[in-house]
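This briefing is meant for a reader who is meeting the structure for the first time.

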Amino acid sequence: MALGYDVLKADFALCTGTRTGNQRCNGTIYVCGQCGARGCKQTRVGQCSDQAFSVLDQCLKCGAHAMQAAS
Ligand SMILES: [Zn+2]
Ligand SMILES: [Zn+2]
């Protein structure tokens with residue numbers, strides 16, 4: 001049962017996007033202080049459907065370096 005694991009992790013902001021290979025991302029969510037985009041950070045662009053930041057902490061939407069931890 002994966003349900004208990006999801007409940008345990010509910011206190012953290014986790015990415016619900018899909019990674020290559022159809023696996024759920026579960027990466028840490030960050031927020032852009034410039035445009036408000038939310039998403040995870042991946043080592044390469046396009047690794048997750050909800051990716052918002054590059055490995056250089058740069059927002060993929062507006063290009064700002066204003067990555068903040070999501071509350
Ligand atoms: Zn942004
Ligand atoms: Zn993700």
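In this predicted model, strand β3, which covers residues 30–32, runs antiparallel to strand β4, which covers residues 38–41, and the two are joined by 2 bridges. Strand β4 is also joined by 2 bridges to strand β5, residues 51–53, but here the strands run parallel.

**Details of the strand pairing**

**Overall make-up**
- The protein chain contains 1 helix and 6 strands, and along the sequence these follow the pattern α-β-β-β-β-β-β.
- Of its 71 residues, 24% count as buried.
- Among contacts in the chain with a separation of 6 or more, 40% are accounted for by residues 24 or more positions apart.

**The nonpolar core**
- The largest nonpolar core is made up of 12 residues, including Cys-15, Cys-25, Ile-29, Cys-48, Cys-59 and Met-67.
- At least two residues of this core are supplied by each of β3 and β5, and the largest share, 3 residues, comes from β3.
- Cys-40 belongs to this core as well, and, leaving aside residues up to four places away in sequence, Cys-40 touches a set of residues that includes Cys-15, Cys-25, Ile-29, Cys-48 and Ala-52, together with Gly-17, Gly-27 and Asp-50.

Methods. Residues numbered from 1 in each chain as written. Chains lettered and ligands numbered in written order. Predicted model: local features only at pLDDT ≥ 70, side-chain atom pairs only at ≥ 80, totals over all residues. Helix = DSSP H or I, 4+ residues; strand = E, 2+ residues; numbered from the N terminus. Buried ≥ 20, exposed ≤ 12 C-beta atoms within 10 Å, placed from the backbone. Contact = placed C-beta atoms within 7 Å. Pairing = 2+ DSSP bridges. Core = buried A, V, L, I, M, F, W, Y, C linked by C-beta atoms within 7 Å.
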